[in-house]
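The entries follow in the order in which I made them.

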Amino acid sequence: MYAYTASFMNKYDLLVHAVNCPLFWRCPTRHIVDLYRRHAGGRHLDVGPGTGSLLRRSALPTGTAVHLLDRHEAPLDMARKALPGHRVRTYRQDVLKPWEVDEASMESVAMSLVFHTLPGQGIPAKSHPVREAARVLSPGGRFFGATVVGRGQAVRVPAQARWLMDVYNRRGIFANAGDDADDLDAVLRTSFSTVRTWSRGCVVLWVAWK
Ligand SMILES: C[S@@+](CC[C@H](N)C(=O)[O-])C[C@H]1O[C@@H](n2cnc3c(N)ncnc32)[C@H](O)[C@@H]1O
């Protein structure tokens, strides 16, 4: 598992959002920010918030209650500081363990660029967050996000992306060798009544309604 330390997080936005997403994964970050703008609600849980830059760029209304769940202290600290106008609560825990978040308490849950870092051979093996998102959402709530995949009917993986993905998998930065966009769609449908998934380059994006 990769160490999300303060010094790594300082370089994270430049590396991931200015280089990897647009140039390698072929999904400029604005497409993920757009998900936040359309679907984040007044009580929002962000799973694996990183630096908080996506939340900041999504310009949530002042006063939105933002809950942050992450196993590392540095991202929780950075994301909290990135959201000065909001009520922020943090949960320091592993996303693959039961979440300490109350049932039916959230209007939206986002999980951006986290699945591909989680251990497990394929999306069905790491589907616990999907069930937890469904549990903590209130009726009508939305679960949305994005993840880098190497396979799927509509997924296009350019040669440079395949190369970088292989390097990241060998170094333990990614664990997405078995992740398939169509499996993600199927897993979401087991917990949510309405599901939409689509691909941009080798990123699959989704919105699922409870
Ligand atoms: C690649 S970053 C994504 C950051 C942000 N969501 C974005 O899209 O830029 C992955 C985030 O997930 C967190 N994370 C990774 N594995 C986790 C786990 N098992 N449980 C909880 N958080 C985890 C990391 O600390 C980091 O904040």
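Which residues is threonine 117 in contact with, leaving aside its neighbours within four places in sequence? I worked from a predicted model. In it I found threonine 117 in contact with Tyr4, Ile173, Phe174 and Ala175.

**Entry on threonine 117.** I located threonine 117 in the loop that lies between strand E4 (106-112) and helix H5 (128-136).

**Entry on the ligand.** Where does the ligand sit? I noted that the space it takes is the largest pocket. I listed 19 residues around the ligand, of which His17, Gly48, Asp70, His72 and Ser112 come nearest.

I next looked up polar atoms facing the ligand's own oxygen and nitrogen atoms. For aspartate 70, a polar side-chain atom is 2.6 Å from a ligand oxygen atom. For tyrosine 12, a polar side-chain atom is 2.9 Å from an oxygen atom of the ligand. Valine 95 contributes a backbone N or O atom, which I found 2.8 Å from a nitrogen atom of the ligand. Finally, I recorded the ligand's area: taken alone it exposes 600 Å², and the protein buries 97% of that.

Methods. Residues are numbered from 1 along each chain as its sequence is written. This is a predicted model: local features need pLDDT of at least 70, side-chain atom pairs count only at pLDDT 80 or more; totals for chains, interfaces and linings use all residues. Side-chain values use heavy atoms; hydrogens and water are left out. Helices (H or I, at least four residues) and strands (E, at least two) are DSSP runs, numbered from the N terminus. Contact means heavy atoms within 4.5 Å. A residue is near a molecule or strand if one of its heavy atoms lies within 4 Å of it. A polar contact is a pair of N or O atoms within 3.5 Å; within protein, one must be able to donate a hydrogen and the other to accept it, and residues adjacent in sequence count only if both atoms are side-chain atoms. Accessible areas come from the Shrake-Rupley method with a 1.4 Å probe; for residues, only the protein chains shown count as cover. On a 1 Å grid over the protein atoms alone, a cavity is a set of points where a 1.4 Å probe fits but cannot get out, and a pocket is an open set with protein on both sides within 12 Å along at least five of seven lines; lining residues have an atom within 4 Å of a point. A molecule sits in a cavity or pocket if more than half of its atoms lie within 2 Å of its grid points.
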